[in-house]
Amino acid sequence: MDNSREISWKSLWNRSQGSIYQSWDWIKIQDSLGVNPNILTIENQGKISAAVAGFEKTLHTPLGKKRIFQIYGDPIYINEDSCKNLLEDLKKKSKEYFYTTISPSSSKVAQMLDSLNFSKSLNSTIVLDLDKDKDYLWSQLEKKSIRWGVKTAEKNGLNFSQTTSNSDIESFYSLYVKTATDGKFKAESKEIINSLIKSGMTNLFIVKKKSELVAGGMVINDVNKNKSILEMTSASEEGLDLQAMPFLYWNMIIHAKSKGFLTFDLGGYDLDARPGEKTYNINKFKERFGGQITELPVYSSNSKYSLVRSIMRKFRFVKKLYKKS
């Protein structure tokens, strides 16, 4: 990645108040670890007027391997015309893939995608409004599980802290890989997690019982959007018994508030989860923190993405047949 492009990108990102997922530092870390970004730009007199970065993935389907392209956050741009031109180019490029998805962070870009006939689907998450005082946030926690859990964790002598220690990262990663294995989802690489933590774009928070790490969570700091996003959590069996998870979540929320973030995103909510499924229980846990279920639009270049989602909703076992790498 050349220096002139980096300077131009950073300038445009600052000017357009871009999301963390479109920051040069985020892109550079992914690139350095072999997750090669695919960058589209609109240039005017040698300067970037609109740009977006996404990542190519391989989707393993019952019909074989398919290439897909994923983009998170709004494009960065000078004006709406340049952004719309970029999205038009994106739609043309998308013909090279099984499908392309883009998850915009603003209604303005969502409207542009609507006007260009991108197909719209919806994900969901739970968002807490941090523009409230601590006592109010505490009062919104479910009394018999979350408030009780936080108090019990404190009685159990658990300690919460932020860390960049290599040994703590190793311990957390071991817990996280076990969670991924048990949950049958692909774990992120240790190198990516370590690089993001060391960069300061993410924070790793841990809970310890004396010197033993029993739970942890990684949070993304989307500074320009004034939001803190929970990316991953994990806990040992002992941690669960000691009520480390309510304690971890509550302290991460309060930490985000102390740093001036306006919202805390609990990292997803599965509207299609059914009783008995693990995601259903995760949903219920997140609901107990008092946030609002919020829609997150996902736009795709064609109807294939929506079709795959529809099949997965109707036939839950099919989800196991689709894997990304």
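I take buried to mean under 20% relative accessible area, exposed to mean over 50%, and partly exposed to be what lies in between, with a 1.4 Å probe and protein chains only. The model I am reading is predicted, with local features needing pLDDT of at least 70, side-chain atom pairs counting only at pLDDT 80 or more, and totals for chains, interfaces and linings using all residues. Residues are numbered from 1 along each chain as its sequence is written, and side-chain values use heavy atoms, with hydrogens and water left out.

**Tyr77**

I looked up Tyr77 and found it in strand β4, residues 76-77; helices (H or I, at least four residues) and strands (E, at least two) are DSSP runs numbered from the N terminus. Tyr77 counts as buried because its relative accessibility is 15%. With contact meaning heavy atoms within 4.5 Å, and with neighbours within four places in sequence left aside, I list the partners of Tyr77 as Leu12, Ser16, Ser49, Ala50, Ser82, Cys83, Lys108, Val109 and Met112. I also checked Tyr77 against Ser124, 47 residues along the chain, and their C-alpha atoms are separated by 26 Å.

I placed Gln243 in the loop between α9 (237-241) and α10 (244-258). Gln243 is at 17% relative accessibility and therefore counts as buried; not counting residues up to four places away in sequence, Gln243 touches Ser145, Trp148, Gly149, Thr152, Ala153 and Leu158.

Just after α10, I noted a positive phi of about 90 degrees at Gly260.

**α6 against α10**

Using axes fitted as lines to C-alpha atoms, for helices over the stretch in contact, with angles from 0 to 180 degrees between N-to-C directions, I found that α6 (residues 143-155) and α10 come within 7 Å and cross at roughly 100 degrees. That makes α6 roughly perpendicular to α10, a term that covers 65 to 115 degrees. At this contact Ile146, Gly149, Val150, Ala153 and Glu154 of α6 meet Pro246, Phe247 and Trp250 of α10.

**Nonpolar cores**

A nonpolar core is a set of buried Ala, Val, Leu, Ile, Met, Phe, Trp, Tyr and Cys residues joined through side-chain atoms within 4.5 Å. I find 33 residues in the largest one, and those with the most contacts inside it include Leu128, Val207, Tyr249 and Phe289. At least two residues each come from β6 (119-129), α6, β8 (202-209), β9 (212-222), β10 (227-235) and α10, and α10 gives the most to this core, with ten residues. Apart from it I noted another core, of 21 residues, among them Trp26, Leu175, Ile192 and Ile197.

**Two positive phi values**

Which phi does Asn117 take? Asn117 has a positive phi near 65 degrees, in a residue other than glycine, and I placed Asn117 in the loop between α4 (107-115) and β6. Its relative accessible area is 62%, so Asn117 is exposed. Asn226, in the loop between β9 and β10, has a positive phi near 55 degrees, and at 34% relative accessible area Asn226 is partly exposed. I keep as background that most residues other than glycine have a negative phi.

Definitions and conventions
Parallel < 35°, antiparallel > 145°, perpendicular 65-115°, else oblique.
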